[in-house]
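Me: I would like to go through this model by question and answer, starting with a term we will need.

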Amino acid sequence: MTSAPSSTTPAPYRAETEHADESSGRLGDGVVPASHWHGARDEHERRIAERTDAHIKRRMRQESHPVEDFLFTYYPFKVGQLKKWHPGPGVRVELAEAADRRYFDRRWYRIDDDRNVAEVDLESWRADRGDGAKFIASLLSSTLNREANFGCFGIHEWAMVYRLTEEQRRHQQVPLRLNPAETDAVVEGHRIQCSHHDAFRFFTEPARPLNTLQPSREGMISNEQPGCLHAGMDLYKWAMKISPIADSDLVVDCFDLALDIRTLDMEASPYDLRGWGYGVVAIETAAGKVEYMERQKAFSGRAQSLRARLLGALAAAGIHPH
């Protein structure tokens with residue numbers, strides 16, 4: 001555990017805006033020349049380094065970060081997985097040299113008999129991952145077509161510390177903004193309506209009965225809705241789960257959204273992150289609720305665009321919702 005960084009610590013990486021709505025088709029029809037995809041790969045590796053170098057340095061120093069570590073601990077994907085460049089389904093790339101062949105000598109890619117062209121092996125990927133991908137497509141489709149609910153105000157994070165002692169809380173290196181009694185009063189004074197199973201399962205035992213829903217993993221397709229911050233963050237998980245079907249630009253866009261949402265998630269939480277350079281969204285006040293909802297709506301719009309792109313990538317791989 002670490003204390004809040006000093007003023008000389010670089011500010012945490014913040015994604016500026018969502019990347020332009022691009023897909024693998026930007027690489028062109030036919031076989032993509034090696035010089036072209038090399039540039040796309042190198043740019044992808046640069047983007048990943050920009051987003052992960054600080055995390056790697058902290059890990060080497062055995063330091064933790066209450067916001068950014070979430071993307072590397074809650075989600076089980078290593079930086080090396082993120083760095084691998086994927087052109088997306090149906091894109092054929094030229095293999096101009098031995099290093100190119102080694103680069104695509106990996107699972108779910110095939111190289112032609114002349115060893116001059118590589119592409120995603122859709123048949124083997126569908127055989128291995130097709131059933132899980134159909135669930136993901138169904139979840140994305142149902143969420144995309146459901147009305148958004150913007151009335152939760154991030155109370156889920158408060159419910160995760162409800163009636164806990166200081167020793168029991170996560171992020172013990174981060175103080176609470178309010179004292180324990182005031183923090184508990186915020187939970188008790190709001191209607192809690194968390195629809196996301198993986199958020200709800202971290203509620204404390206006394207908080208669970210206070211939720212108007214009892215979301216389960218089996219009910220995800222029925223419950224998940226596009227206003228939910230955690231559903232938006234999870235698009236990064238789904239993009240990685242369907243690898244190599246989501247092209248790398250799409251994966252990074254999902255990563256950026258997850259980081260931006262995580263920032264709001266923690267700024268609106270009971271924790272005081274000002275020592276780490278973050279702001280406060282005081283959802284226990286009217287002004288805080290307005291700010292939370294405005295940012296939540298913007299994230300929901302970005303998430304809906306990414307859901308559509310993920311569904312497009314799955315459709316290109318022959319996977320459709322149930």
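Reply: Helices here are DSSP runs of H or I with at least four residues, and strands are E runs of at least two, both numbered from the N terminus. The model is a predicted one.

Me: Where is Pro-244 found?
Reply: A cis peptide bond, with omega about 5 degrees, joins Ser-243 and Pro-244. As for its place, Pro-244 is in the loop between α10 (229–241) and α11.

Me: Are α10 and α11 roughly parallel or roughly antiparallel to each other?
Reply: The axes of α10 and α11 are 8 Å apart, and the packing angle is about 150 degrees. Angles over 145 degrees count as roughly antiparallel. The two helices, α10 and α11, are therefore roughly antiparallel.

Me: Which residues of α11 make the contact with α10?
Reply: The crossing of α10 and α11 is left-handed. On the α10 side the contact is made by Leu-229, His-230, Gly-232, Met-233, Leu-235, Tyr-236, Ala-239 and Met-240. By class, the contact of α10 with α11 has 13 nonpolar, two polar and two charged residues. On the α11 side the residues are Val-251, Cys-254, Phe-255, Leu-257, Ala-258, Ile-261, Arg-262, Leu-264 and Asp-265.

Me: How are α1 and α11 oriented to each other, roughly parallel or roughly antiparallel?
Reply: Helix α1 spans residues 34–60 and helix α11 spans residues 248–267; their axes come within 11 Å and cross at roughly 15 degrees. Angles under 35 degrees count as roughly parallel. Therefore α1 and α11 are roughly parallel.

Me: How many residues of the contact of α1 with α11 are charged?
Reply: The crossing of α1 and α11 is left-handed. From α1 the contact takes His-44, Arg-47, Ile-48 and Arg-51, and from α11 it takes Ser-248, Asp-249, Val-252, Asp-253, Phe-255 and Asp-256. By class, three of these contact residues are nonpolar and two are polar, while the number of charged ones is five.

Me: Are α5 and α12 roughly parallel or roughly antiparallel to each other?
Reply: The axes of helix α5 (residues 122–144) and helix α12 (residues 286–316) come within 10 Å, crossing at roughly 150 degrees. The crossing is left-handed. With angles over 145 degrees counted as roughly antiparallel, α5 and α12 are therefore roughly antiparallel.

Me: How many residues in the contact of α5 with α12 are nonpolar?
Reply: Helix α5 contributes residues including Leu-122, Trp-125, Ile-136 and Leu-140, and α12 contributes residues including Arg-307, Leu-310, Leu-311 and Leu-314. Three residues of the contact of α5 with α12 are polar and one is charged, and the number of nonpolar ones is twelve.

Me: How many residues apart are Phe-72 and Phe-255?
Reply: By the pairing rule, the count comes to 17 aromatic pairs. In one of them, Phe-72 and Phe-255 are 6.1 Å apart centre to centre with 55 degrees between the planes, a tilted arrangement. This pair links distant parts of the chain, with Phe-72 in helix α2 (residues 70–73) and Phe-255 in helix α11, a separation of 183 residues.

Me: Does Trp-108 count as buried or exposed?
Reply: Trp-108 is in the loop between α4 (98–103) and β3 (109–111). Its phi is positive, about 70 degrees, although Trp-108 is not a glycine. Buried means under 20% relative accessible area, so Trp-108, at 11% relative accessibility, counts as buried.

Me: Which residues is Tyr-103 in contact with, leaving aside its neighbours within four places in sequence?
Reply: Tyr-103 is found in helix α4 and, at 12% relative accessibility, counts as buried. Tyr-103 and Lys-84 are 19 residues apart in sequence, with a C-alpha to C-alpha distance of 9.0 Å. Beyond those sequence neighbours, the contacts of Tyr-103 are Trp-37, Arg-41, Glu-45, Lys-83, Lys-84 and Trp-85.

How values were computed: Residues numbered from 1 in each chain as written. Predicted model: local features only at pLDDT ≥ 70, side-chain atom pairs only at ≥ 80, totals over all residues. Heavy atoms only, no water. Axes fitted to C-alpha atoms, helices over the stretch in contact; angles between N-to-C directions. Parallel < 35°, antiparallel > 145°, perpendicular 65-115°, else oblique. Left-handed = near helix turned anticlockwise from the far one by under 90°. Contact = heavy atoms within 4.5 Å. Nonpolar A, V, L, I, M, F, W, Y, C, P; charged D, E, K, R; others polar. Buried < 20%, exposed > 50% of the residue type's maximum accessible area, 1.4 Å probe, protein only. Phe/Tyr/Trp six-rings, centres within 6.5 Å; stacked < 30°, edge-to-face > 60°.
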